[in-house]
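Colleague: Before I rely on the labels attached to this model, I would like to go through them one at a time. Please set each value against its cut-off.

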Amino acid sequence: MLSQAIVRGGPGPLERTAVELEHIRRLALFRRHREQHWRRRLRESDLLLDLIEQCRLRGYKLVPAQVWVAVVRFVGAVDRQLRDDLGINRQPDHVSEVLFAAQAELLSVALRERAQRRVAPIIPLFGDGAASSAAG
């Protein structure tokens, strides 16, 4: 088998198919990792919103420092403009509005990425290789 590949001057159809399948598997793994990243960020924002709602229920006028630090870090990672909008106002209503805007940004990015996806390419099994080997 190896000698045939050397004589033909390139990989055979099985080898090309294996390489193409490996390439597609790696792309799918990369996409899956990015999707999990956005989902994880959305879960984090939900948790922060729950904490801010608890602040409202307990009658806090300002978000506690630990929650505030997490919110600033989260919003800054999503969008710098939103972090500027957040400013130094630690009132729960303002903070939750900015977090909702950050969630909207995350969802729009996820939708754009999903729209950019394309259908997986069809791999012709022995189709291209048979035509090229018959011609050659």
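Colleague: Why is Glu44 called partly exposed?

Modeller: Buried means under 20% relative accessible area, exposed means over 50%, and partly exposed is what lies in between (1.4 Å probe, protein chains only). Glu44 has a relative accessibility of 29%, and therefore counts as partly exposed. Please keep in mind that this is a predicted model, in which local features need pLDDT of at least 70 and side-chain atom pairs count only at pLDDT 80 or more, whereas totals for chains, interfaces and linings use all residues. Residues are numbered from 1 along each chain as its sequence is written, and side-chain values use heavy atoms, with hydrogens and water left out.

Colleague: What makes Glu44 and Arg41 a salt bridge?

Modeller: The term requires a side-chain nitrogen of Lys or Arg within 4 Å of a carboxyl oxygen of Asp or Glu. For Glu44 and Arg41 the closest N and O atoms are 3.3 Å apart, and the pair is therefore counted as a salt bridge. The two residues are 3 apart in helix 2 (residues 13-57), which means that about one helical turn separates them. Arg41, at 15% relative accessibility, counts as buried.

Colleague: How many such salt bridges are there in the whole structure, and which residues form a network of them?

Modeller: The search of the whole structure finds 6 salt bridges, and Glu22, Arg25 and Arg26 are linked in a network of them.

Colleague: What makes the pairing of Asp93 with Arg56 a salt bridge, and which parts does the pair tie together?

Modeller: The closest N and O atoms of Asp93 and Arg56 are 2.8 Å apart, and the pair therefore meets the cut-off for a salt bridge. Asp93 lies in helix 5 and Arg56 in helix 2, so the pair ties together parts that are 37 residues apart in sequence. Both residues are partly exposed, Asp93 at 47% relative accessibility and Arg56 with a relative accessible area of 31%.

Colleague: How do you know that Glu105 and Arg112 form a salt bridge?

Modeller: The closest N and O atoms of Glu105 and Arg112 are 3.9 Å apart, which is within the limit, and the pair is therefore included. Glu105, with a relative accessible area of 28%, is partly exposed, and Arg112, at 46%, also counts as partly exposed.

Colleague: Which residues of helix 3 are buried, and why are they said to line one face?

Modeller: The buried residues of helix 3 are Val67, Trp68, Val71, Phe74, Val75 and Val78. Seen down the axis, they fall within an arc of 135° (taken from the directions from the helix axis to the C-beta atoms), so they line one face of the helix. On the other side of helix 3, Gln66, Arg73 and Ala77 are exposed.

Colleague: Which residues of helix 5 does helix 3 meet?

Modeller: Trp68, Val71, Phe74, Val75 and Val78 in helix 3 meet Val95, Val98, Leu99, Ala102, Glu105 and Leu106 in helix 5. The two helices pack at an angle of about 35° with their axes 10 Å apart (axes being lines fitted to C-alpha atoms over the stretch in contact, and angles running from 0 to 180 degrees between N-to-C directions).

Colleague: Finally, what secondary structure does the protein have, and what share of its residues is buried?

Modeller: The secondary structure comes to 6 helices and 0 strands, and buried residues make up 22% of the 136 residues.

Conventions. Helices (H or I, at least four residues) and strands (E, at least two) are DSSP runs, numbered from the N terminus. Contact means heavy atoms within 4.5 Å.
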